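Keep the model open next to you as you read.

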Amino acid sequence: MQQAKQHLIKIHPLTAAQNTPTKSVTFANGKTGLSVKWSSVTGADSYAVYRKAGSGSYKKIATVSGNSTVSYIDKSVKSGTKYRYKIKALKGDCSSASKESSTLLFLKTPTVTVSNAKTGIKIKWSKVTGAKGYYIYRKTGSGEWKKIKTITSGATVSYTNTSVESGKKYSYYVKAYNGKTYSSVKSCSALMFLKAAKIKSATSGKSGITLKWTKVTSAKGYYVYRKAGSGSYKKIATIKKGSTVSYLDKSAKKGTTYTYYLKAYNGSYKGYYANTVKCKDKY
């Protein structure tokens with residue numbers, strides 16, 4: 001009796017029902033790049049990440065080990081460029097099929113700084129390539145975030161928030177946008193707004209030049225700055241009480257014209273100055 005032939009069948013470790021992980025791929029702008037996520041595939045021991053920039057061709061950019069690791073942050077992206085991704089599940093020398101993801105424009109996260117200005121809090125941020133504009137969000141103290149301004153130009157990188165109150169702390173973040181695509185966000189440190197200190201008068205007397213100014217709400221004190229003639233400004237005094245609203249400059253010299261300005265402070269927070277005044281020492 002003729003012996004029956006034996007047939008060896010190699011079974012693919014990634015079954016057809018499980019071989020398209022990109023069917024549930026999601027990706028979004030993150031703080032450091034594009035965040036790519038996908039569904040796990042039974043039997044896979046790693047995943048290959050492929051990327052296409054603009055109208056270019058796909059290139060493998062990473063291999064992610066482990067079946068349960070189903071995310072990757074692509075940090076080698078450029079702001080203003082559109083990207084697509086494919087994910088292939090891997091098992092030994094076998095790989096699953098893949099499905100092309102949708103397209104996403106990468107917008108870099110703006111870096112934000114804030115400072116007290118003459119009329120409010122000035123917010124500055126880094127320009128984001130590809131942005132058509134920016135959304136500015138603010139929270140007061142430990143309150144909720146609220147959008148306070150829409151900037152409609154991608155070239156604009158500053159805004160002064162004038163609806164602030166002296167003595168209150170404010171935090172901000174800026175989100176770049178292009179159509180319905182948005183950058184990730186990073187909030188700045190809280191800043192206490194201190195109203196710009198305004199000098200009301202500077203008068204020359206026998207003992208020196210007397211400055212008088214308007215009290216600033218929540219100020220713990222004031223810094224006094226002075227320059228002689230066309231020289232440079234120097235801090236000449238630190239007033240350690242917020243209720244003090246005058247200062248006698250005894251170091252002024254007869255015949256010299258001085259220019260002064262003040263800044264209110266509260267701990268490490270420093271306000272801006274509202275004006276400068278000139279006075280010639282006559283005595």
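## Thr 238 and its neighbours

Leaving aside residues up to four places away in sequence, Thr 238 touches Tyr 222, Tyr 223 and Tyr 265; contact here means heavy atoms within 4.5 Å. Thr 238 is found in strand E20, residues 234-239. Helices (H or I, at least four residues) and strands (E, at least two) are DSSP runs, numbered from the N terminus. Thr 238 and Ala 264 sit 26 residues apart along the chain, and their C-alpha atoms are separated by 9.8 Å.

## What kind of model this is

This is a predicted model, in which local features need pLDDT of at least 70 and side-chain atom pairs count only at pLDDT 80 or more, while totals for chains, interfaces and linings use all residues. Residues are numbered from 1 along each chain as its sequence is written, and side-chain values use heavy atoms, with hydrogens and water left out.

As for pLDDT, it is the predictor's confidence in each residue, from 0 to 100. The protein chain has a mean pLDDT of 92, and 92% of its residues reach 70 or more. Residues 1-11 are another story: their pLDDT is below 50, and beyond near neighbours in sequence this stretch has one contact in the model. Where pLDDT is low, the predicted coordinates should not be read in detail.

## Arg 226

Next stop, strand E19 (residues 221-228), which is the place of Arg 226. Arg 226 counts as buried because its relative accessible area is 17%. Which side chains make polar contacts with that of Arg 226? One is Asp 249, at 2.8 Å, and another is Ser 251, at 3.0 Å. A polar contact is a pair of N or O atoms within 3.5 Å; within protein, one must be able to donate a hydrogen and the other to accept it, and residues adjacent in sequence count only if both atoms are side-chain atoms.

Not counting residues up to four places away in sequence, the residues that Arg 226 touches include Tyr 233, Ile 236, Tyr 258 and Tyr 260.

## The E17-E18-E21 sheet

Three strands make up an open sheet in the order E17-E18-E21, with antiparallel pairing. Two strands pair if DSSP finds at least two bridges between them. E17 and E21 are the edge strands, each pairing on one side only. From one strand to the next, the twist averages 15°; axes are lines fitted to C-alpha atoms, for helices over the stretch in contact, and angles run from 0 to 180 degrees between N-to-C directions.

E17 (residues 199-205) and E18 (residues 208-213) are joined by six bridges and form a hairpin with two residues between them. Ile 199 stands opposite Trp 213, and Ala 202 has Leu 211 as its bridge partner. Leu 211 also stands opposite Tyr 247 in E21. Four bridges join E18 to E21, residues 246-249.

## Ser 218

In the loop between E18 and E19 lies Ser 218. Though not a glycine, Ser 218 has a positive phi of about 75°. Most residues other than glycine have a negative phi. Ser 218 is partly exposed, because its relative accessible area is 32%.

Five bridges join E9 to E10, with Asn 116 partnered to Ile 121.

Ile 121 turns up again in the largest nonpolar core, which has 24 residues; Trp 125 and Tyr 172 are also among those with the most contacts inside it. Such a core is a set of buried Ala, Val, Leu, Ile, Met, Phe, Trp, Tyr and Cys residues joined through side-chain atoms within 4.5 Å. Strands supplying at least two residues each include E9 (112-116), E10 (121-125) and E14 (169-178), and E14 gives the largest share, four residues. A second, separate core of 19 residues includes Ala 197, Ile 209, Val 216 and Cys 279.

Conventions. Buried means under 20% relative accessible area, exposed over 50%, partly exposed in between (1.4 Å probe, protein chains only).
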